Amino acid sequence: MRVGVDIDGVLADSLPLWVKELNDYFKQNKSLQQIQLQDVCRTYGITGEELLGFLHDRGRFLMTSPPPLPGASYYLNQIKKSHDIFIVSARDEKYGRETRDWLHKNSLPFDEILLLGSHDKREACLTNDLNVLIEDTLKISVEVSAAGVPVLLMDAPYNQGVLPGLVYRTYSWQEIYRTIADEPHWFDRVFSKEVSF
């Protein structure tokens with residue numbers, strides 16, 4: 001099976017670091033529950049230029065400093081034993097070296113890495129014939145699932161809402177592993193999609 005995996009919010013526990021850095025940089029005191037990383041400008045009341053300035057100053061630090069989510073390394077390595085891993089991230093390729101170094105440093109294996117520089121992951125999933133995407137953004141999950149690719153949505157404060165039929169909310173890497181590796185028949189029933197294991 002070809003498994004797509006997002007980085008920030010899925011492999012990397014990025015949100016607490018982003019919130020701390022944004023709060024420090026823009027002299028605000030937002031909580032984790034207030035943040036939508038796809039809508040930072042509105043959340044912080046800043047312009048696109050101000051956000052670009054923040055990323056220019058703090059971007060490399062943000063790409064290299066978050067810890068991995070609990071269980072991410074162990075369970076991704078277990079999944080890699082039987083499946084191909086495609087990292088599918090909205091990160092820009094200009095952070096390619098830092099991103100690859102972070103993945104290697106944290107023992108997070110992959111076969112290919114797709115740094116899209118955009119939150120539009122639908123085409124990347126289709127072009128690479130991915131059987132499932134592990135994601136944390138509800139909007140991306142809805143778009144990808146509408147194209148027929150099942151999504152395992154890592155639960156987060158910012159992705160609450162009604163889920164379409166091909167999106168399944170998960171709460172840990174252990175659950176993701178069980179879904180992909182241990183329970184293929186259940187996985188097929190949940191998503192009603194033909195996948196080969």
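Tutor: The questions below concern this predicted model and the reasons behind the words used for it.

Student: Why is Glu-112 called partly exposed?

Tutor: The relative accessible area of Glu-112 is 37%. Buried requires under 20% and exposed over 50%, so Glu-112, at 37%, falls in between and is partly exposed. Glu-112 belongs to strand 3, which spans residues 112-115.

Student: Which residues does Glu-112 touch, leaving aside those up to four places away in sequence?

Tutor: Glu-112 touches Ile-85, Phe-86, Ile-87 and Asn-128.

Student: What puts the buried residues of helix 5 on the same side?

Tutor: The buried residues of helix 5 (residues 96-105) are Gly-96, Glu-98, Thr-99, Trp-102 and Leu-103. They cover an arc of only 165° around the axis, and therefore lie on the same side of helix 5. In general, an α-helix has 3.6 residues a turn, so residues three or four places apart point the same way.

Student: What covers that buried side, and which exposed residues are on the face turned away from it?

Tutor: The cover of the buried residues includes helix 3 (48-64), strand 2 (84-89) and strand 3. The face turned away carries the exposed residues Arg-97, His-104 and Lys-105.

Student: How many aromatic pairs does the structure hold, and why is the pair of Tyr-25 and Phe-54 called edge-to-face?

Tutor: The structure holds seven aromatic pairs. The ring centres of Tyr-25 and Phe-54 are 5.1 Å apart, and the planes stand at 70°. Centres within 6.5 Å make a pair, and planes over 60 degrees apart count as edge-to-face; therefore this pair, at 5.1 Å and 70°, is edge-to-face. The pair links distant parts of the chain, with Tyr-25 in helix 1 (residues 15-26) and Phe-54 in helix 3, 29 residues apart.

Student: Are Tyr-25 and Phe-54 buried or partly exposed?

Tutor: Tyr-25 has a relative accessible area of 32% and is partly exposed, whereas Phe-54, at 0%, is buried.

Student: What makes the pair of Tyr-75 and Tyr-177 tilted?

Tutor: The centres of Tyr-75 and Tyr-177 are 5.5 Å apart, with 35° between the planes. Stacked requires under 30 degrees and edge-to-face over 60, so an angle of 35° is tilted. Tyr-75 lies in helix 4 (residues 72-80) and Tyr-177 in helix 8 (residues 173-182).

Student: How do you know that Tyr-75 and Tyr-177 are buried?

Tutor: Tyr-75 has 16% relative accessibility and Tyr-177 has 17%. Buried means under 20%, so Tyr-75 counts as buried, and so does Tyr-177.

Definitions and conventions. Residues are numbered from 1 along each chain as its sequence is written. This is a predicted model: local features need pLDDT of at least 70, side-chain atom pairs count only at pLDDT 80 or more; totals for chains, interfaces and linings use all residues. Side-chain values use heavy atoms; hydrogens and water are left out. Helices (H or I, at least four residues) and strands (E, at least two) are DSSP runs, numbered from the N terminus. Buried means under 20% relative accessible area, exposed over 50%, partly exposed in between (1.4 Å probe, protein chains only). Contact means heavy atoms within 4.5 Å. The arc is that of the directions from the helix axis to the C-beta atoms. Rings of Phe, Tyr and Trp (its six-membered ring) pair if their centres lie within 6.5 Å; planes under 30 degrees apart count as stacked, over 60 as edge-to-face and the rest as tilted.
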